[in-house]
Structures are given as C-alpha cells and as structure tokens.
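Please read the following briefing alongside the chain and its coordinates.

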Amino acid sequence: MKEGVKAAIKKMKFGKETAPDNILVELIEALEDFGIGKVTHLLNEVYDTGQIPTDLSKSIFIALPKKPGATECELHRTISLMSHITKILLKIIMPRVRNKIKSEIAEEQCGFVEDKGTSNAIYILLTLIERALEVQKDVYLCFIDYTKAFDRVRHDEIITQLKQLNIDGKDLRIIKTMYWEQTAAMRVENKTSTFQDIKRGLRQGCVLFPDLFFFYSEIIMRNLENHPGIKVGGQNINNLRYADDTVLIAENKEDLQKLLNIVQEESRKKGSELNSKKTEVMVISRK
C-alpha cells in the first residue's frame, strides 16, 4: 500500500550512497505522490512475481580498514551499498519477519535487541563474576572470535531455518531471491570490478542483516542449553552474546572446554570457523 511505502521512506536515512541504479530515496520523496505511486507499483510487481530487477539486486562492496594504515584483506570489513528501492521493500517486509524471529532469540543475545546493548552484557558478566567470587568459585571465560562471521553464512541454511518459522511465502521468496540472485562488485579507489555472483554471506548494509544473522547463530548456540555454566538465582548461564561477539562461561576448565568444543563443531556444520588467533581465555579467581 502507498501508506506502507511512505512509512518505509520516512525510516530511511538520507544522504547515503546509492547502488548502481543511482536512485536516491531523496529523489523519490521529492516527487511526492507521483514518486510514491511509481515505487508502490514497482514493489507490488516484485512482490507478486518474486522477481527482482537486475539493477535492484546489484550491490557495491566497499572495504573499510579496521585500523589506520591497514593493507591486508583480513584487516578490513566490507559494507554493501544496496539499491534504496530494495531497502524500501525490505523495510516493509522486515517487521513481519522480525515478529517471527524475535521469539526465537535467546535472552543471552544483547546485540541489536530492543532495550539491550553492550552495557547490559557487561553488567550481567560483572554480576556473574561478583556472585561467583563471593562463594569462593572461580570463573572461566572464553571470548570467541569468528573468522569472517557474516561472510560465512550459508544461504541454503538460512532459508531452511526461516521456512520452519512459517514466514509468509511471498516474504520468504523475496529474501531467497535477493540473496540467491544477487551480484556484487568491489570498489577500491573509485575503480569498480566486474559483477560476480555471491553464493554465501549476509551483507552488512542490508536491512534484514541483523535479524537473519542472529537467527542463524541462535541455532548454533542452542546446543549449549543443557550444559553447565554458572548458576545465579537458579538460572544456568553459560554464554553471553553481542552480535557475533560471544563469551562462554564456566566454573572450571573442563566445562569450558566442553562448551568450546560444542560451539566449534556446530559452527563448522554451519560453515563458520573460530579464529584461534583472536579467541582468548580468561580465568578470574580470588587465588
């Protein structure tokens, strides 16, 4: 509906770079009712047929250095410049998909979750440590880092998981088409490579990116549910998460190793690998 398109445009951030179609959301807004009408007609065609025009499925990847002077590939993160019209479509679909995914996300996840943030995760971890030390117990922590966490997500796996949530067929078809038929090019110093098919990974810059990644990683972490961590108020807590940053929590090194083995094995099944160089262990003890 036109009202839905208007609402989606209002939620868009202005002043953003465009994808290869070069259509700015500011242009659509400036055309007022005429622009809204044209976009609404186009999006309904896409939604009913499940076919996304080639220009709308193209993205430009830009590499941003994680620290000044970075020259190696692993010291960069990529963001995706997507079509603003595609973003409008996804902002209309997102609330329906999010309502299905929201109930599946565990309490341990604090990233991009309403009324939660890094301060919540830090507070919970500090409280766990204080309670453990009060009763003379040690705390064993393992801070996990994934190798290219977002780039390793398998498209077939995420679609299979979404099907189990009974998401509307047309919404699911749009997500599937968007990821399976997407093409992307790299831009470095104003030079753009040829467009290539992208067969895995979630795009940072995509409206659905946080929700899809959390749901994907949630399936991995569910395998820890019945394994010992630290009990507070009768509740067992063996991990805390903020997006892809994860800390495993245990009372001894044997339990911590078991947790790490499970995460490593389940992550490998989903196509993800732990980065051993950046994964660290910390032991907190009054001793």
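I23 counts as partly exposed because its relative accessibility is 27%, where buried means under 20% relative accessible area, exposed over 50% and partly exposed in between, with a 1.4 Å probe and protein chains only. I23 is found in the loop between α1 (2-11) and α2 (25-30); helices (H or I, at least four residues) and strands (E, at least two) are DSSP runs, numbered from the N terminus. The model is a predicted one, in which local features need pLDDT of at least 70 and side-chain atom pairs count only at pLDDT 80 or more, whereas totals for chains, interfaces and linings use all residues. Residues are numbered from 1 along each chain as its sequence is written, and side-chain values use heavy atoms, with hydrogens and water left out.

**Surroundings of I23**

- Leaving aside neighbours within four places in sequence, I23 is in contact (heavy atoms within 4.5 Å) with T18, I28, H84 and I85.
- Between the C-alpha atoms of I23 and T177, which are 154 residues apart in sequence, the distance in space is 21 Å.

**The chain as a whole**

- The chain holds nine helices and eleven strands, and its C-alpha trace spans about 70 × 40 × 30 Å along the principal axes.
- Of the 287 residues in the chain, 46% are buried.
- When contacts between residues at least 6 apart in sequence are taken, 70% of them join residues at least 24 apart.
- The accessible surface of the chain, computed by the Shrake-Rupley method with a 1.4 Å probe, comes to about 16000 Å², and 51% of this surface belongs to carbon and sulfur atoms.
- The mean positions of the 44 positive and 41 negative charges are 1 Å apart; here Lys and Arg count as positive and Asp and Glu as negative, while His and the chain ends are not counted, and each charge is placed at NZ of Lys, CZ of Arg, CG of Asp or CD of Glu.

**Cavity and pocket**

- On a 1 Å grid over the protein atoms alone, a cavity is a set of points where a 1.4 Å probe fits but cannot get out, a pocket is an open set with protein on both sides within 12 Å along at least five of seven lines, and lining residues have an atom within 4 Å of a point.
- A search of the whole structure finds one cavity of 30 Å³ or more, and the volume of the largest cavity is about 90 Å³, a volume being the space filled by probe spheres set on grid points that are joined across faces, edges and corners.
- The largest cavity is lined by 13 residues, of which Y146, F213, S217, I220 and D244 are the closest to its centre; the largest share of this lining, five residues, comes from α8.
- The largest pocket contains about 870 Å³ of space, and of the 29 residues that line this pocket, K66, H76, K148, A149 and D151 are the closest to its centre.
- Strand β2 (residues 76-81) gives the most to the lining of the largest pocket, with five residues.

**Buried helix positions**

- D211 is found in helix α8 (residues 209-221) and counts as buried because its relative accessibility is 11%.
- Residues up to four places away in sequence not being counted, D211 touches M94, R98 and I101.
- A8, found in helix α1, is buried because its relative accessible area is 3%, and beyond four places in sequence it touches I88, K91 and I92.
- A8 and K66 are 58 residues apart in sequence, and their C-alpha atoms are 31 Å apart in space.

**Loop positions**

- F112 has its place in the loop between α4 (84-102) and α5 (118-134), and at 57% relative accessibility F112 counts as exposed.
- Most residues other than glycine have a negative phi.
- D115, which is not a glycine, has a positive phi of about 65°; D115 lies in the loop between α4 and α5 and counts as exposed at 71% relative accessibility.
- A243 also has a positive phi, near 55°; A243 is placed in the loop between β9 (239-242) and β10 (245-250) and counts as buried at 10% relative accessibility.
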